Amino acid sequence: MTTISSTAAAPERPSILGELLRLLRICGDALATHWVRREAIKTLRQLDDRTLRDIGISRCHIETAVAGDLDLELVRIR
């Protein structure tokens, strides 16, 4: 005769240290993303209007374009 034993394992709760490390990683990633975006904005602001027009953005849309929220179909520069 075969005996089947089913012991339900309790779900493991993350430790406080694990949660703290996860939170630090998330904050670090957000800070790094912020720095990269600020540097991209700074670089784009140094370009002249003709170069920005070649890229497809206007000076007033630099921050929106860097954030990825710019809809290029709605903002055609002529």
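Which residue forms a salt bridge with Glu 63? Select Glu 63 and look for Arg 45: the two form a salt bridge, with their closest N and O atoms 2.6 Å apart. This pair links distant parts of the chain, with Glu 63 in helix H3 and Arg 45 in helix H1, 18 residues apart.

Keep in mind that you're looking at a predicted model. Mean pLDDT for the protein is 84, and 74% of the residues reach 70 or more. Color by confidence and you'll find H1 at a mean of 95 and H3 at 91.

Next, pick Asp 49 and Arg 59, whose side chains meet in another of the three salt bridges, at 3.0 Å from N to O. Here Asp 49 sits in helix H2 (residues 49-55), while Arg 59 is in the loop between H2 and H3.

Now go to helix H1 for Arg 22 and Glu 19, three residues apart, or about one turn of the helix. They form a salt bridge too, with the closest N and O atoms 3.1 Å apart. Arg 22 is partly exposed at 39% relative accessible area, and so is Glu 19 at 32%.

Stay with H1, which spans residues 16-45, and click Leu 17. Why does Leu 17 count as exposed? Because its relative accessibility is 56%, and the cut-off for exposed is over 50%.

Last stop: select Ile 41, Leu 44, Leu 52, Ile 57, Ile 62 and Val 66, the six residues of the largest nonpolar core. H1 and helix H3 (62-67) each give two or more residues to this core.

Terms used
Residues are numbered from 1 along each chain as its sequence is written. This is a predicted model: local features need pLDDT of at least 70, side-chain atom pairs count only at pLDDT 80 or more; totals for chains, interfaces and linings use all residues. Side-chain values use heavy atoms; hydrogens and water are left out. Helices (H or I, at least four residues) and strands (E, at least two) are DSSP runs, numbered from the N terminus. Buried means under 20% relative accessible area, exposed over 50%, partly exposed in between (1.4 Å probe, protein chains only). A nonpolar core is a set of buried Ala, Val, Leu, Ile, Met, Phe, Trp, Tyr and Cys residues joined through side-chain atoms within 4.5 Å. pLDDT is the predictor's confidence in each residue, from 0 to 100. A salt bridge is a side-chain nitrogen of Lys or Arg within 4 Å of a carboxyl oxygen of Asp or Glu.
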